[in-house]
Amino acid sequence: MRRWPTCGNGSARWTTPTRSVTGRRCDFVVAGAGKRSDLSVRVGGRELAVSHHPRIRRLHDEIFLRPPFVFAERASEEHENMLTSIREDPTFGISVALCGADLVGFTYGHRLPVDHQWWERFTVLLPAGVAEEWEGRTFALIDIGVSEKWRGKGVGRCLMDSLLGPRGERRAILSVQPSAVRAHAFYERLGWQLIGRKGPIPGVLPPFWDIYCHPLSA
């Protein structure tokens with residue numbers, strides 16, 4: 001059984017998680033708090049997304065509808081419509097972090113079809129083989145968000161590992177706004193490789209996005 005890594009700043013640590021029907025449970029210790037906080041990380045599909053939809057939407061807006069992110073006027077509505085749509089995909093997966101009844105983090109995505117357009121409109125020539133696709137090769141991590149007071153404590157890593165660990169795809173990809181410097185640093189610490197910058201994308205704000213890739217264990 002895997003042991004989650006200790007945070008580099010020493011402020012918190014994960015103990016060995018145990019599996020349950022709903023996903024993983026992790027005992028979370030916050031130094032100086034004087035008590036143990038039981039953080040539950042649950043992994044699932046459509047039903048899990050539906051049950052937490054309002055809380056995911058609120059946390060998404062709290063995180064992404066402010067600087068350093070660039071967002072359109074209807075970004076909140078567009079996010080809700082997107083999540084409502086992709087959760088119907090049979091390859092959709094989601095993990096959520098709960099502290100009691102409070103949603104403190106989420107991540108979700110789905111398998112990309114062979115004819116997706118992620119590899120179009122790059123500003124540089126892609127490395128050999130990157131743009132090759134076959135059925136089941138690539139999982140797209142669409143969103144990951146953690147409440148500000150829970151950042152730097154390993155929650156994002158646990159969410160990502162819980163979602164991506166059981167996947168059958170060969171690799172995962174994600175997109176990041178160029179202005180989100182802390183997000184870039186987070187992904188790079190976890191071993192994600194920057195493939196290049198995509199854009200300009202007509203009708204999309206911002207028009208440029210940085211694309212990262214990470215191998216998955218088959």
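Modeller: What follows starts with the charged pairs and then moves to the helix, the strands and the cores. Keep in mind that this is a predicted model.

The structure holds 9 salt bridges. Side chains of opposite charge can pair when their charged atoms come close. Take glutamate 169 to begin with. Its side chain meets that of arginine 111 in a salt bridge, at 2.8 Å from N to O. This pair links distant parts of the chain. Glutamate 169 sits in the loop between helix 4 (155-164) and strand 8 (171-176), while arginine 111 belongs to strand 6, and 58 residues separate them. Glutamate 169 also forms a salt bridge with arginine 167, at 2.7 Å from N to O.

How buried are these residues? Glutamate 169 has 0% relative accessibility, so it counts as buried; the cut-off is under 20%. Arginine 167 is at 15%, so it is buried too. Arginine 111 is at 26%, which makes it partly exposed.

Now the other group. Arg46, Arg87 and Glu88 are linked in a network of salt bridges. Within it, the side chains of arginine 87 and glutamate 88 meet at 3.9 Å, N to O. The cut-off for a salt bridge is 4 Å. Arginine 87 counts as buried, at 13% relative accessibility. Glutamate 88 is partly exposed, with a relative accessible area of 45%.

Next, helix 3, residues 75-86. Its 12 residues should span 16 Å at 1.5 Å a residue, and the end C-alpha atoms are 16 Å apart, so the two agree. Ala75, Ser76, His79, Leu83 and Ile86 are the buried residues to look at in helix 3. They cover an arc of only 110 degrees around the axis, which puts them on the same side of the helix. An α-helix has 3.6 residues a turn, so residues three or four places apart point the same way. The cover over the buried residues of helix 3 includes helix 2 (53-64), strand 6 (102-111) and strand 7 (138-146).

Strand 6 leads on to strand 5. The two run antiparallel and are joined by 7 bridges.

Last, the nonpolar interior. In soluble globular proteins, nonpolar side chains tend to be buried together. Here the largest nonpolar core has 32 residues. Those with the most contacts inside it are Ile94, Tyr108, Leu141, Met160, Leu164, Tyr187 and Trp192. Helix 2 gives the most to this core, with 4 residues. What does tyrosine 187 touch, leaving out residues up to four places away in sequence? Its contacts are Ile144, Met160, Leu174, Val176 and Trp192. Apart from this core lies another, of 11 residues, among them Ala140, Ile173, Ile195 and Cys213.

Conventions. Residues are numbered from 1 along each chain as its sequence is written. This is a predicted model: local features need pLDDT of at least 70, side-chain atom pairs count only at pLDDT 80 or more; totals for chains, interfaces and linings use all residues. Side-chain values use heavy atoms; hydrogens and water are left out. The expected span of a helix is 1.5 Å times one less than its number of residues. Buried means under 20% relative accessible area, exposed over 50%, partly exposed in between (1.4 Å probe, protein chains only). The arc is that of the directions from the helix axis to the C-beta atoms. Contact means heavy atoms within 4.5 Å. Two strands pair if DSSP finds at least two bridges between them. A nonpolar core is a set of buried Ala, Val, Leu, Ile, Met, Phe, Trp, Tyr and Cys residues joined through side-chain atoms within 4.5 Å.
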